[in-house]
Amino acid sequence: MDAAALDELLGGTAREREESWRYSRNALRALSQQEFAVAVAPVELPAELLQQFDWPETRATRLVFVNGVFSRALSGKRVEVAQDASNHCELDLPQDLGEALHVVYVSVPGATPTRWQTNNRIRLGHGYAPIIEQHVGYAGAEVFGAVTTEFVVERDAGLGVTTISDLPDSCSLYRRQTVSVQAGARYRCTHALAGGRLQRFDLACDLAQADARCEQRGVFALRGRAHIDVQLDVRHAARDTASDVLWRGVADQRARGILRGAITVAAGADGSDAQLQTKNLLLSPHAEIDAQPVLEIYADEVKAAHGATVGQLDERALFYMRSRGIAAVTARALLIAGFCREAFGAIDDASLRAQLDAWLVRHLPLAGDTV
Amino acid sequence: MLKIDNLHVRVAGKEILKGLTLHVNAGEMHAVMGPNGAGKSTLGNVLAGRDGYEVTQGSVVYNGRNLLELEPEQRAAAGVFLAFQYPVEIPGVNNTYFLKAALNAQRKQRGEAELDSMQFLKLVREKLRVLHISDDLLHRAVNAGFSGGEKKRNEIFQMALLEPALAVLDETDSGLDIDALRMVADGVNTMRDAKRAFVVITHYQRLLDYIVPDFVHVMVDGRIVESGDKALALKLEEHGYAWIAGRQAPDKIAAGAV
């Protein structure tokens, strides 16, 4: 893939890549040395892939993109979007959906390596609306997808975004979300990321006006040779804005996880409150996690706290559980799941919660062997 | 039920237990007292099977089996329970789920049928009623954010639910106010019967006002140096450990006499 194609997929320039791709340079280079043809959306999806996102609750309110192309046939009846020739959609979130808007991105392999991209703008004018963003794919030739989403949360509105990714080893995904949170508005998100050859997730949240708030939760659960690179960028641009960021990371086998959490409090953004915490678990001597909080404060009256830890499973907790009769392997799985589940505390929708729990069970080492 | 003979244990290269002998029969209540650093908690941890405790000499036989060969979870299934001095916080793991997992894991190892959710909840309610504790601890993560007293209550609740044959309580009374202390003692007393044995490790005589022991042992420097009935505890309370600190293990005295 030439530099121009890469720039197009990643929505930036090679120079920017140098900076923020520091920990993923090799992974990206390996990908860019392959040729990726532009993907074609297949007419039909295999049943097992369909099952992954065909949730009864959201059948009428889902938007499905196959290799970046909007699929009217797979999407629900209650939502309507128009996609232009460059795979761009604009959507004003309706208030009367009744269920979460379920946006599904499907990666389907071709005969040779393929790439696709799409970019969407979703605006919430008022009220509260939940969105579920899901990434699925199936194994085959390499697929490299890129999704750029721009969220605008207007004055006093509340947007809740939950993303779940579940990708096979042959899929790579670049995602960039920019969120603009206006006065008194609230943006809440929970991200559950797993799988893929390379997953890069950039989340830039701009607390643009006074009293804007964001609450971010996230988990990556990695094994095999999965490589996930998360770049958070929270910008407090106005007075009395608040951010609360909590991530959990787990890496087993030869997996690699990166979490960079940058918080900037601009000059004049007094009264801001910025909290960032990331805790990570290494489950194998060959796994690696890099956690880096970056705090830049240019205002005077600011409350800010950050913390990053990378550690191993608590041996005392393991012994405690075993002393109650729980087998070592089950105790491990319970501990790891519990560690991750702390990031799901804000999810009160029972069926979504069940989806996230199922996601955890699929991705935790040996977690299937529970009681 | 439990026969500990001449037990020597090293922790991080240092010998902590230096020839401890203790025999416990079913139905008995033993109190083990002693000053800080005597090795009381080491005894509890060795019985439960914690890593890092190296047995260099001696034996521990539990119901005819070599206890030291068993994994911690096998010991639990065989009926050994340790109430921790410092119960561990496990964020993200719901207490009820944890207890059900523990109970069913034990039942499975023993070849008994596992309890379904209804049966389990029925059992939980029954135990809560007997112990006079409310169920709010159950809906939280295991020990996470619990006060010291709540953690100890939770230990006793676990004991009541798991119904061990041999319960070792490691300073369960430390840091408790009088109400919590009574609750702990009530929990233990309710469970006392002819088939069950208790080893209660404590600093203070106070707990023994509520849990009346059949035997009191004084541990100094990795050995039991004095054994008696509950009168011994009162004597200790009166005179302090200094009174007994100079005392040597009976075997040493015997050896010295030869």
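User: Is A:Gln253 buried, partly exposed or exposed?
Analyst: In this predicted model, A:Gln253 sits in the loop between β15 and β16 (256–265) of chain A. Its phi is near 50 degrees, a positive value in a residue other than glycine. Buried requires under 20% relative accessible area and exposed over 50%. Because its relative accessibility is 41%, A:Gln253 counts as partly exposed.

User: Where does A:Asp156 lie in chain A?
Analyst: Phi of A:Asp156 is also positive, near 60 degrees, in a residue other than glycine. With a relative accessible area of 55%, A:Asp156 is exposed. Its place in chain A is the loop between β8 (143–153) and β9 (158–166).

User: What is the N to O distance in the salt bridge of A:Arg248 and A:Glu342?
Analyst: The pair links distant parts of the chain, 94 residues apart: A:Arg248 belongs to strand β15 (residues 242–251) of chain A, and A:Glu342 to the loop between α6 and α7 (350–363). A:Arg248 is buried at a relative accessible area of 2%, whereas A:Glu342 is partly exposed at 30%. A salt bridge calls for a nitrogen within 4 Å of a carboxyl oxygen. The side chains of A:Arg248 and A:Glu342 meet that condition at 3.4 Å.

User: Which residue forms a salt bridge with A:Asp273?
Analyst: A:Asp273, in strand β17 (residues 272–282) of chain A, pairs with a residue of strand β19 (residues 302–311), 30 residues apart. The closest N and O atoms are 3.7 Å apart, and the partner is A:Lys303.

User: Which residues are linked with A:Arg176 in a network of salt bridges?
Analyst: Side chains of opposite charge can pair when their charged atoms come close. Over all chains, the search finds 34 salt bridges. The network that includes A:Arg176 also takes in A:Arg200, A:Asp202 and A:Asp229.

User: How far apart are the closest N and O atoms of B:Lys127 and B:Glu163?
Analyst: B:Lys127 is in helix α4 (residues 117–131) of chain B, and B:Glu163 is in the loop between α5 (148–162) and β9 (166–170), 36 residues apart. B:Lys127 is buried, with a relative accessible area of 14%, whereas B:Glu163 is partly exposed at 44%. The two residues form a salt bridge whose closest N and O atoms are separated by 2.8 Å.

User: Which residues are in contact with B:Asn154, leaving aside its neighbours within four places in sequence?
Analyst: B:Asn154 is part of helix α5 of chain B. Its relative accessible area is 1%, so B:Asn154 is buried. Leaving aside neighbours within four places in sequence, its contacts are B:Asn95, B:Asn143 and B:Phe146.

User: What separation do the C-alpha atoms of B:Leu17 and B:Val220 have?
Analyst: B:Leu17 is placed in strand β2 (residues 14–24) of chain B and is buried, with a relative accessible area of 0%. Beyond four places in sequence, B:Leu17 touches several residues, including B:Leu7, B:Thr42, B:Met219 and B:Gly222. B:Leu17 and B:Val220 are 203 residues apart along the chain, yet their C-alpha atoms are separated by 9.6 Å.

User: Which three residues supply 39% of the area that chain A buries against chain B?
Analyst: The contact takes 21 residues from chain A and 31 residues from chain B. Together the chains bury about 2100 Å², with 66% of it on carbon and sulfur atoms. More of chain A's share comes from these three than from any other three residues: A:Phe319, A:Tyr320 and A:Arg324.

User: Which residue of chain B forms a salt bridge with A:Arg324?
Analyst: Between chain A and chain B the count is 3 salt bridges, and 11 residue pairs are in polar contact across the interface. In the salt bridge of A:Arg324, the closest N and O atoms are 2.7 Å apart, and the partner is B:Glu155.

User: Which residues of chain A have a pLDDT that stays under 50?
Analyst: Chain A averages a pLDDT of 93, and 98% of the residues score at least 70. For the stretch under 50, the model has 12 contacts beyond four places in sequence; the stretch is residues 367–371.

Definitions and conventions:
Residues numbered from 1 in each chain as written. Chains lettered and ligands numbered in written order. Predicted model: local features only at pLDDT ≥ 70, side-chain atom pairs only at ≥ 80, totals over all residues. Heavy atoms only, no water. Contact = heavy atoms within 4.5 Å. Buried area = accessible area lost by both parts, 1.4 Å probe. Polar contact = N/O pair within 3.5 Å; in protein donor to acceptor, adjacent residues only side chain to side chain. pLDDT = per-residue confidence, 0-100. Helix = DSSP H or I, 4+ residues; strand = E, 2+ residues; numbered from the N terminus. Buried < 20%, exposed > 50% of the residue type's maximum accessible area, 1.4 Å probe, protein only.
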